[in-house]
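Work through the exercises below with the sequence and the structure in view. Try each task before reading its solution.

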Amino acid sequence: MLNAQNITVRYGKHDILHNIDFHAQPGAVTAIVGPNGSGKTTLLKAITGEVAHGGTVTLNDMDIDAAKAWELAAIRAVLPQATPLAFPFTVSEVVQLGLSNGISAARVRLIVAALERVGLSGYGARYYQELSGGEQQRVQLARVLTQVWDPVVDGTARWLFLDEPVSALDIGHQLQVMQIARDFADAGGGVVAVMHDLNLTAMFADTVALISDGRVLAQDAPAEVLTNELLSEAYHCGVRVNTAPPSGTYLLPHVATQLAS
Amino acid sequence: MALASEIPAKMTLDGDRSHAANRLTFVLLIVLGIAMLGSLAIGASGASLWGALWDLATGGELALRDRVVLWEIRLPRTIMGAVVGAALAVSGATMQGLFRNPLADPGLIGVSAGAGLGAIVAIVLGGLLPIALQQALGYYVVPLAAFVGSWATTLILYRVSTRKGRTSVATMLLAGIALGALSGAVSGLLVYIADDTQLRTLTFWGMGSIAGATWSKLFAALPLMAATFVAAPFIAKGLNGLALGEAAASHIGIDVQRTKNVAILAVAASVGAAVAVSGGIGFVGLVVPHLLRLAVGPDHRYLLRNSALLGAALLLVADIISRMVIAPAELPIGIIMAVIGGPFFLWILLRRRGILDM
């Protein structure tokens, strides 16, 4: 499991995260939600070892700050928000970057399968830089998937860390990408995703951590966290939570009137 | 999620250019071989490579003139040209990968300028050294000083741009520009106080040439110039990862800091030694990786290797031209490279303007 304790991050004089505790289980999708600037991406960067932080983070009982890059790469992959590439790689070449050296039949199959999984079959020979932002994001997802294709290896869960994986996507691809995350978790892997869209969060997450001003307001099942009171407090606006058939999914329309903040 | 083994087999991968890159390596090996033969065969004297080879093959005695020209002049010069060209091209490709910028070049981050400053200091102020030291260093005083210059530049650059074990590429680029300007200014000052003889030496050294290559000079510079060749296989995958950015590179298992350390040290050694023995030969580190990226893509596992071969061949061809244009005199090779390389590079930029041109 992922266990982050007492996480503190400062940028200069500003505390971005204040003594945050955060946990995630394999076999579940854990969403991190919160308003802009609340520190949700910073939290993801702290628990993936990307920014210097106070406190400890362990992943599958491995201290991520002491672990070597290749040790971590073997058990978890990280999808950044956006990935501009320096050189004209083709889509196939980008997806390959997640793999160790060499092209074998098995690797070719893996790359083809990953591209198919994100709906980009036939894009292999296209130049990455010619693609739209949403297509680039899905190419990166394919790269990340090839890195940890099997969600469980030798009884140990592997992890996907996704930073706003659907931010550049249309509604159809949003559902497709979230389903990939859902399937990965259902097969025993762990998924931690920073999410902007609360509806998708309600649909796909097992656990939601609500971050506001660098603190965790709540971390629990969606029904416990996505409430009128907590969301209104976190987002400083009126939010009403509804349920609707057929799936009983929560809908979160934003009430027009701003609360006095 | 389906296991990889359940996925239907498909052996060819669209957009994978590794096979093309391997084929290009084979072609470039042949091209380099031809260029080396040409470099041995062509020159101001009438010595004939083929005649000498025939003499050797038939067990005949090699003429003294042929032995001196081929063995003492053309062969070390050929090897020197190939190694300098390869070192400059691989250093350029490595720096471009490290900075994620196709225009990054040892010239850009001040390493070449630092080496140049070292050489100019040696040429202008070398006479101030104690006579005994001058005699001890003898021929090596300029190469050594150039190497010290590139080394010092790299160390300062590294110290300025590295905080808590992490190198900021942006800071390094800016610091490199500042250091290059500083080296240029000090060099200019030294040129100003140089006497006429020194000025002539400086001018010819600065234009770049491998005409003075000897076995001893070659063996002195070879270990340093080879640093990037030795490092290349170990940093190629790291440089590929860095194309995604430092954080993403780390997430796919790249030891980013080690990749940067190895790349920086190797390039400093290679460029310092190359500048020392050949002066200012430009464009190789810029044009060669650029052409190869256009041809078979930016994967550094193939780019570094192919850059070495094409850089070596290109420099040899330029050197052959420099011997032929005003024979029996010679033009400095740096001029040839600039005359060929400058317009060629501009033409590429004009023809393929756009994102793919990176």
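**Exercise 1: the nonpolar core**

Task: In this predicted model, find which residues touch the most other members of the largest nonpolar core.

Solution. The largest nonpolar core has 183 residues, and A:Ala181 and B:Val84 touch the most other members. Next, list the contacts of B:Val84, leaving aside its neighbours within four places in sequence. These contacts are B:Ile210, B:Met225, B:Ala274, B:Val277, B:Ser278, B:Ile281 and B:Leu315. As background, nonpolar side chains in soluble globular proteins tend to be buried together.

**Exercise 2: the contact between the chains**

Task: State how many residues each chain gives to the contact, then describe the side of chain A by element and by class.

Solution. Step one is the count: 42 residues come from chain A and 37 residues from chain B. Step two is the elements of chain A. H4(A) gives the largest share, eight residues. Step three is the class: this side of chain A has 27 nonpolar, nine polar and six charged residues.

**Exercise 3: two helices of chain A**

Task: Describe how H4(A) packs on helix H5 (residues 133-147) of chain A.

Solution. Start with the axes, which come within 9 Å and cross at roughly 135 degrees. The hand of the crossing is right-handed. Now look at the residues that meet. H4(A) brings A:Leu110, A:Ile111, A:Ala114, A:Leu115 and A:Arg117, and H5(A) brings A:Ala142, A:Leu145 and A:Thr146. Sorted by class, the contact has six nonpolar, one polar and one charged residues.

**Exercise 4: positive phi in two loops**

Task: Locate A:Asp61 and A:Asp154, give the phi of each, and decide whether each is buried or exposed.

Solution. A:Asp61 lies in the loop between strand E4 (54-59) and strand E5 (62-63) of chain A. Its phi is near 65 degrees, a positive value in a residue other than glycine. A:Asp61 counts as exposed because it has 8 C-beta neighbours inside 10 Å, and the cut-off for exposed is 12 or fewer.

A:Asp154 is placed in the loop between strand E7 (152-153) and strand E8 (156-157) of chain A. Its phi is positive, about 55 degrees, although A:Asp154 is not a glycine. With 5 other C-beta atoms within 10 Å, A:Asp154 is exposed.

**Exercise 5: chain B**

Task: Summarise the make-up of chain B, then examine the packing of helix H10 (residues 227-242) on helix H14 (residues 300-324) in this chain.

Solution. Chain B has 15 helices and two strands. Of its 358 residues, 48% count as buried. Among contacts in chain B between residues at least 6 apart in sequence, 80% join residues at least 24 apart.

For the helix pair, the angle is about 145 degrees and the axes are 8 Å apart. H10(B) passes H14(B) in a right-handed crossing. The contact uses B:Phe229, B:Ala232, B:Ala236, B:Lys237, B:Leu239 and B:Asn240 from H10(B), with B:His300, B:Arg301, B:Leu304, B:Arg305 and B:Ala308 from H14(B). By class, these residues divide into six nonpolar, two polar and three charged.

Conventions:
Residues numbered from 1 in each chain as written. Chains lettered and ligands numbered in written order. Predicted model: local features only at pLDDT ≥ 70, side-chain atom pairs only at ≥ 80, totals over all residues. Contact = placed C-beta atoms within 7 Å. Helix = DSSP H or I, 4+ residues; strand = E, 2+ residues; numbered from the N terminus. Nonpolar A, V, L, I, M, F, W, Y, C, P; charged D, E, K, R; others polar. Core = buried A, V, L, I, M, F, W, Y, C linked by C-beta atoms within 7 Å. Buried ≥ 20, exposed ≤ 12 C-beta atoms within 10 Å, placed from the backbone. Axes fitted to C-alpha atoms, helices over the stretch in contact; angles between N-to-C directions. Left-handed = near helix turned anticlockwise from the far one by under 90°.
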